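I opened this notebook to record a few look-ups in one structure. The entries follow in the order in which I made them.

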Amino acid sequence: MADVNEEVYVIPEIDTKGLEKEFPLSKPGFGAGGKTNEWRLLRPVINYEKCIKCLICWIDCPEATITRGKDNSVAINYDYCKGCGVCANECPTKAIEMVKED
Amino acid sequence: MLLRDVKFEEKWLPGNAACPGCGLSLGLRLLTKAIEKPVVVIPASCASVVQGAWPKSSASFPLLNIAMAGAGAAASGIANAYEMLGKEGTVVAWAGDGGTADIGLQALSGAAERGENIIFVMYDNEAYMNTGIQRSSSTPHGAWTTTTPEGKREFKKDVAAIMLVHNLEYVATASVSYPVDFVEKLKKAEAHKGTKFIQLYSPCPPGWRLDASKTIEVGKLAVETGAWILYEYENGKLTISPISSRFREKKARRPLIDYLSLQGRFAGISQQDIAKLEAEIDRKWEFLSKFE
Amino acid sequence: MAVSVMTGSRSVATAVKLAKPEVIAAYPVTPQTEIVEDIATFIKNKELNAKFIKVDSEHSAMSALIGASSAGARTFTATASQGLMYMAEVVHWAAHARLPIVMAVATRALASPWSILNDHTDFLVQHSSGWIQIMCENNQEALDTTLQAFKIAEKREVMLPVMVGLDGFILTHTSMPVDVPDPDLIDSFLGKRMAPFALDPDNPLTFGNVVDDKYFMEMRYKMFESMQNAKRVIKEVSEAYAKLTGRSYGLVECYQCDDAEHVIVTMGAASGDAKVAASMLRKEGIKAGVLRLRVIRPFPKEDIVEALANRKTVSIVERDLSAGIGNILAHEVKSALYDAGAKVFVKSFIAGLGGRDILPEDFVNAVKSAASGKKGDEWIRLNLG
């Protein structure tokens with residue numbers, strides 16, 4: 001088992017003093033495209049007994065929704081994972097299963 | 001560089017508006033892992049929209065949106081301003097094949113000729129995807145698009161080859177399916193002067209009629225069939241990247257049909273067209289050998 | 001006081017030298033060419049420390065400045081006619097992006113057919129781009145206005161780009177005495193640009209991503225407010241500049257207006273001929289005056305109404321054509337007068353297209369035609385025979 005490593009996301013505090021209400025400026029944040037977790041039909045589930053910490057799923061995830069822990073463990077960030085299935089397709093030990101979203 | 005050497009931090013944030021399995025989304029994520037302080041210019045393209053909507057952005061790096069033809073020019077402007085103002089940052093133009101090969105070619109060529117200190121990445125999903133899958137000059141022969149429903153008659157314009165004759169210190173091809181290779185190439189590019197150009201193979205599940213989970217797999221097949229050639233041109237010498245060098249030998253390549261059959265956009269392709277594509281692959285390898 | 005005899009092109013280039021922009025990007029197009037050639041020479045002689053990006057097109061010129069201005073630099077370009085149309089997409093972009101770019105436009109007729117001669121249609125058709133637009137009468141004003149443009153544009157309550165117009169060839173290639181202000185005075189007048197927002201890796205903002213229908217209109221409203229602020233700011237900047245140089249400019253210029261019964265409305269270099277015409281008319285006993293439109297955007301509605309509302313006739317003589325309706329500014333002037341309930345007889349004259357001269361006697365005849373009550377738009381000096 002591993003927890004999502006929230007620390008990997010770099011989002012500095014920017015005091016825009018309301019400039020974004022006057023000028024076309026936006027600040028970095030999660031979910032700029034909406035609640036993308038709601039797009040899922042399938043969700044990836046990692047079988048940690050098969051996981052060899054090769055980091056292939058981590059590097060191949062287009063969404064940065066697989067976080068890497070300091071010990072190279074990986075965890076799925078279900079808040080925004082879109083369920084594309086790339087991780088499951090690429091995992092060399094078939095440790096990730098795409099399971100139907102309830 | 002080893003996979004585990006690629007850094008942990010994420011500056012391309014989850015919850016962006018990209019389709020599931022989007023190649024360009026992975027590409028941008030990898031950009032932020034290769035370049036420490038990217039200042040990115042994005043012309044009209046899928047990348048413009050996947051940032052998400054105001055007041056949020058999925059980019060945790062400074063990003064300037066610009067009109068479709070202007071990536072090379074806007075990037076030049078930032079690079080010059082940064083130099084005058086003594087600001088630190090690596091200017092990267094991140095443009096689709098449309099914004100590079102077609103409407104953006106002039107500004108790219110201009111920037112390259114002037115030696116502007118920018119990295120120009122053409123993320124190549126082989127059509128105008130953002131506007132609904134219309135053909136670009138980078139669409140391969142035989143591919144279905146909404147404006148070539150019979151399959152594109154013309155052949156793919158080779159932008160990296162065009163950049164080879166611009167007297168640049170660094171030109172390369174890369175693929176999101178080989179992420180560490182792409183990261184290494186970006187770092188190499190950053191160390192060079194003038195304009196650096198990378199053409200990045202970037203699969204598009206909806207546009208290619210591809211299962212979203214196959215984004216990485218299709219890219220590997222592209223290389224293993226010889227259809228996409230990974231190479232670097234550095235200081236006047238072209239080197240086929242180790243990943244691709246095995247496939248110089250025609251016998252070593254997987255049959256092209258293995259690559260094509262994964263993609264619905266080639267569903268109706270004829271045997272003659274496949275033969276033409278195979279001949280084109282041979283020509284491409286032959287052409288690149290002249291620069292070695 | 002340091003008076004030189006210089007062309008309009010050199011006057012604009014000299015102003016740019018004094019304003020010290022960090023980045024200039026430009027593409028040559030007649031009759032703007034000498035402006036950018038002078039800038040290149042100033043840089044070579046180390047009189048100006050700037051990057052001059054010799055871009056591949058006008059679209060690239062404005063795109064490059066959008067990049068440079070977003071990065072926090074003070075920026076300048078110049079163009080004309082076809083070039084202005086080619087960059088039009090990003091002209092609008094620059095204003096909506098709220099970037100304080102300054103651009104000189106050497107007015108020139110638009111093709112087809114080809115003409116390199118003077119015509120104001122190119123400048124005026126960009127009047128809905130969101131740029132502040134100021135049209136100059138002479139080379140002194142071209143220098144002064146270009147300098148003031150940077151200050152106006154960069155004001156926090158404005159943050160809009162400024163287009164400075166000058167008649168192609170008539171001003172750009174004609175020499176006149178021009179007082180060049182002392183560089184130290186201008187340094188204190190302008191200072192360095194203080195950008196309220198800029199591309200910065202330590203404060204990563206995204207510029208210009210999608211704004212949906214929930215807030216797009218509000219962003220445009222903010223631009224609208226800034227344009228309103230610009231009316232006041234232009235006057236304030238002019239007063240500050242007048243303290244340094246003794247020369248001041250308003251949104252409009254009234255010449256012999258006070259007791260005028262018949263007013264000529266015009267813009268640009270031909271205003272000088274209009275002023276001569278006003279004096280000629282007065283010798284004949286006709287009380288004529290000239291209202292020179294200097295600031296086109298923001299439209300100086302109040303000043304125009306004040307100057308024209310109580311006249312007998314207004315003769316608007318313009319060097320542009322909006323085929324299908326006639327002159328471009330005339331309709332804006334008429335609507336301002338209508339809104340104010342003014343009952344003035346306004347007559348529109350199309351003149352000077354493609355470099356055709358407008359002479360003092362043309363203005364005299366225009367006033368007489370208006371005074372006679374003859375209705376309808378007129379074309380001046382047309383040679384159909």
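How many bridges join strand S6 (residues 132-135) of chain C to S7(C)? I found four bridges, and the two strands run parallel. I took strands as DSSP runs of E of at least two residues and helices as runs of H or I of at least four, numbered from the N terminus. Two strands pair if DSSP finds at least two bridges between them.

I noted the conventions next. Residues are numbered from 1 along each chain as its sequence is written, with chains lettered from A and ligands numbered from 1 in the order in which they are written. This is a predicted model, in which local features need pLDDT of at least 70 and side-chain atom pairs count only at pLDDT 80 or more, while totals for chains, interfaces and linings use all residues.

**Entry: strand S7 of chain C**

I looked up the other neighbour, strand S5 (residues 102-107) of chain C, and found that six bridges join S5(C) to S7(C), again in parallel. Gly165(C) is the bridge partner of Val105(C), and Met135(C) also stands opposite Gly165(C). S6(C), helix H7 (residues 139-154) of chain C and S7(C) form a right-handed β-α-β unit; right-handed is to be read as a clockwise path from the first strand over the helix to the second, with the strands pointing away from the viewer.

I then checked burial, counting a residue as buried with 20 or more other C-beta atoms within 10 Å of its own, exposed with 12 or fewer, and partly exposed in between, with C-beta atoms placed from the backbone. Six of the six residues of S7(C) (residues 162-167) are buried. In a regular strand the side chains alternate between the two faces of the sheet. Here Val162(C), Val164(C) and Leu166(C) cover one side, and Met163(C), Gly165(C) and Asp167(C) the other.

**Entry: Ala366 of chain C**

I located Ala366(C) in helix H13 (residues 360-371) of chain C. Ala366(C) is buried because 26 other C-beta atoms lie within 10 Å. Beyond four places in sequence, its contacts (C-beta atoms, placed from the backbone, within 7 Å) are Ile264(C), Ser315(C), Val317(C), Phe349(C) and Ile380(C).

**Entry: chains B and C**

I recorded 39 residues of chain B in contact with 37 residues of chain C. On the chain B side, H3(B) gives the most, with 12 residues. I also found two bridges joining S3(B) to strand S9 (residues 206-207) of chain C, in parallel; Leu64(B) has Phe207(C) as its bridge partner.

How values were computed
Two residues are in contact if their C-beta atoms, placed from the backbone, lie within 7 Å.
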